[in-house]
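Let's take a friendly walk through this model, with the sequence and the structure side by side. We will begin with a helix and a sheet, then turn to pairs of charged side chains.

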Amino acid sequence: MKNFKKLILILVILILPLSSAFAADPDPDLAKEREIGRRAMKQIEEQWPLTSDPATISKLEIILNRLEPFMSRRIDWEIRLVKTEALNAFCLTGGFIFFTTGIVDVLKTDSELAAVMAHEMIHADRKHSLRMAAESSKTTLGALAVMILSGGSLAPVVLAQVANVAITSAYTMELEAEADRLGLEALIKSGYPPTGMITLFEHFMAEEYRQPIHDYGIYMNHPDTPKRLAAAVKTLHDRKIPIERKYSLGLLRTDIKEGTNDITLRVDGITAVSGKKNNDTRVLINRIRSELDKYLQLELAPYDIHVERGGLYIGNHFIAGNVEGMTKPDDIRKNLLRAINSGRAKYPTSKFFK
């Protein structure tokens, strides 16, 4: 028994140093990437004004924390917020993520911000900017890191190249497509509405229509937004995930307002159903609201909302019947179609029926 205990003690003494070493340095390249990212970050922070808006940064960190488990590497991510109207977000090697206040203001919901976040995290997770710089310099990732961190004459040039690729999203078509594909996968796994990536690309298309002249220079092979949108749509169709834009655009939101004598259910401020104020009406309107929250979508065709035998249906889902003192099913249908058309009008570049 004593010999067995001695054997266990010897094994513990031998194994502990090895396990500690592995735990301390599971990714030996990451420390170098972090240092390269820090050096690039210093240059950026000298040129761009940062803001410490705690509410926005906290929201971005919550999104990041939901996505982080679905990255392939454990990186100590950090978020910076740049005060500018420019619509941009990028991630430096090593996990330093920058969002502009402009893009945060334009994107409507957490799911759209998560789509941007996931895409940028993949760039760092898969070492995209370093891979491009190494290929451009005809060297390996390890040699590139030595070149940058050595402080030699080429270090500032190569460091600027790594930062510029990230800031301007000047990745190759293959790397950009990989970030889109894996970013969408992370979005799905994290539980965010994946349609956020669809509406994100549609936002980009709207901006391109407003400012159609672009000089892509040497990056003319960069995939254009319609192709990226089509790839994301195909992925969701192949996975049989419905495209439901209302969640990522923050539209078709319902609310109930109680007046002195009546109760009203509204969709984006448009009255959909109303009835005399009493407990039965309250229960019924709350049930209708629950059904609309589930089934009312911007992608519905007019015939998807129909009245049969005095009842209102969305597809084959019963929504409301003909109740004395309440809005009639035919009128509810008209009100719902008005709310849908109002929402679509805000996003004319979206192809809701495709």
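Helix α14 (residues 329–345) lies across β6 and β7, and its direction makes an angle of about 155° with β7. Please keep in mind as you look that this is a predicted model.

Now look at the strands under discussion. Strands of a sheet pair through backbone hydrogen bonds, either parallel or antiparallel. Here, three strands make an open sheet in the order β5-β6-β7, with antiparallel pairing. At the edges stand β5 (254–258) and β7 (270–276), each with a single partner strand, so one side of each has no neighbour in the sheet. From one strand to the next, the twist averages 20°. If you zoom in on β6 (residues 262–267), you will find six bridges joining this strand to β7, the two running antiparallel.

Next come the charged side chains. Side chains of opposite charge can pair when their charged atoms come close. How many salt bridges does the structure hold? There are 20 salt bridges, and a few of them are worth a visit.

Start with Glu-45 and Arg-80, whose side chains meet in a salt bridge at 3.0 Å, N to O. Glu-45 belongs to helix α2 (residues 30–47) and Arg-80 to strand β2 (residues 78–82), so this pair ties together parts that are 35 residues apart in sequence. Glu-45 has 30% relative accessibility and therefore counts as partly exposed.

Another pair is Asp-180 and Arg-228, a salt bridge with its closest N and O atoms 2.8 Å apart. This pair also links distant parts of the chain, with Asp-180 in helix α9 (residues 173–190) and Arg-228 in helix α11 (residues 225–238), 48 residues apart. Are these two partners buried or exposed? Asp-180 counts as buried because its relative accessibility is 10%, and Arg-228, at 12%, counts as buried too.

Lys-294 is partly exposed at 43% relative accessibility, whereas Glu-291 is buried at 14%.

Finally, salt bridges can share partners: in this way Arg-34, Glu-45, Glu-78 and Arg-80 are joined into one network.

Terms used. Residues are numbered from 1 along each chain as its sequence is written. This is a predicted model: local features need pLDDT of at least 70, side-chain atom pairs count only at pLDDT 80 or more; totals for chains, interfaces and linings use all residues. Side-chain values use heavy atoms; hydrogens and water are left out. A salt bridge is a side-chain nitrogen of Lys or Arg within 4 Å of a carboxyl oxygen of Asp or Glu. Helices (H or I, at least four residues) and strands (E, at least two) are DSSP runs, numbered from the N terminus. Buried means under 20% relative accessible area, exposed over 50%, partly exposed in between (1.4 Å probe, protein chains only). Two strands pair if DSSP finds at least two bridges between them. Axes are lines fitted to C-alpha atoms, for helices over the stretch in contact, and angles run from 0 to 180 degrees between N-to-C directions. Contact means heavy atoms within 4.5 Å.
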